[in-house]
Amino acid sequence: DLHRYIRYEAPHYGNGIKEVDQYAKWVGDIFAAAVNSCTGPRGRFSAGLYPVTTNVIFGKMTAATPDGRYAGEPLADGISPVQQMDKNGPTAILVSVANIDQKQYPNGTLLNMKFHPTSMQGEEGVTKLKNLIQTYFDMGGMEMQINVVSAETLRDAQKNPDNYKNLIVRVAGFSAYFVELHIDSQNDLIRRTELAM
C-alpha cells in the first residue's frame, strides 16, 4: 500500500508542483556549487547534469529509492523527471525543470521529452512544438532533446527489428538506430513518458 501511494499518489518532480520542485533546485544548487568550486590539473571543473546513458548503468547498481523506484531500475535521465512520474503534461515539466538554475551548469544539462506522433500532426502540431521549445529557452533552459515516436512503435521494433532498421532515436546526447541499442537502453526509451500537446 505504501509503495502504491508513493508511486501513484505522492507528488513527484516534473509536475509543476512548487513544493516538490524546490528540492530539485536545492540539490542542484548544492551539487553545482561543489563541482564548480573544484580545480584539477586541467583547470576548473564544470558541473553538468546529463547522464548520456549512465542512468541505466548506475540504476543497475543503485538500491531502491524513496520515490518508489525498485532496485536496479534506471535512474532519471539528466534533469528530466523520472520516467512516467510526470503526469501533468509538457508545460508542467518545463515549470519544474526551470526551477533548476541551468546557468550553474556550464558543462550542460539534458532534458529528454518523448511525444506521441499524433501530437505533431499538421501545422498546428509543429507550431505547438516550436512554441514549447521557445518557452523552455525563455525560461532559462539550455538543451531539449525530443523524440516523436510511440512506445507501441518502439515495442514493435524490439520484436521485429528487421522492419525498423532505419528508426533513429535521440538517446541522450546522441542519436542512434533504435534496433542497434542494448535492450536496457531500448527499454529506458520505451519507459519515457509519452507526452501529448
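1. Helix α7 gives the most to the lining of the second largest cavity, with 3 residues. Helices (H or I, at least four residues) and strands (E, at least two) are DSSP runs numbered from the N terminus. The elements that supply two or more residues to this lining are α3 (54–60) and α7 (183–191).

2. The model is predicted, so local features need pLDDT of at least 70 and side-chain atom pairs pLDDT 80 or more, while totals for chains, interfaces and linings use all residues. Numbering runs from 1 along each chain as its sequence is written, and side-chain values use heavy atoms, with hydrogens and water left out.

3. The structure holds 2 cavities of 30 Å³ or more. A cavity is a set of points, on a 1 Å grid over the protein atoms alone, where a 1.4 Å probe fits but cannot get out; lining residues have an atom within 4 Å of a point. Grid points are joined across faces, edges and corners, and a volume is the space filled by probe spheres set on the points.

4. The second largest cavity has about 50 Å³ of space. Its lining includes Val52, Asn55, Asp77, Ser185, Asp188 and Arg192. By class, this lining has 5 nonpolar, 3 polar and 3 charged residues. Ala, Val, Leu, Ile, Met, Phe, Trp, Tyr, Cys and Pro count as nonpolar, Asp, Glu, Lys and Arg as charged, and the others, Gly among them, as polar.

5. The volume of the largest cavity is about 100 Å³. Among its 14 lining residues, Pro81, Asp86, Asn112, Arg192 and Thr193 are the closest to its centre. Strand β3 (residues 111–115) provides the largest share of this lining, 3 residues. The lining divides into 5 nonpolar, 5 polar and 4 charged residues.

Methods. On a 1 Å grid over the protein atoms alone, a cavity is a set of points where a 1.4 Å probe fits but cannot get out, and a pocket is an open set with protein on both sides within 12 Å along at least five of seven lines; lining residues have an atom within 4 Å of a point.
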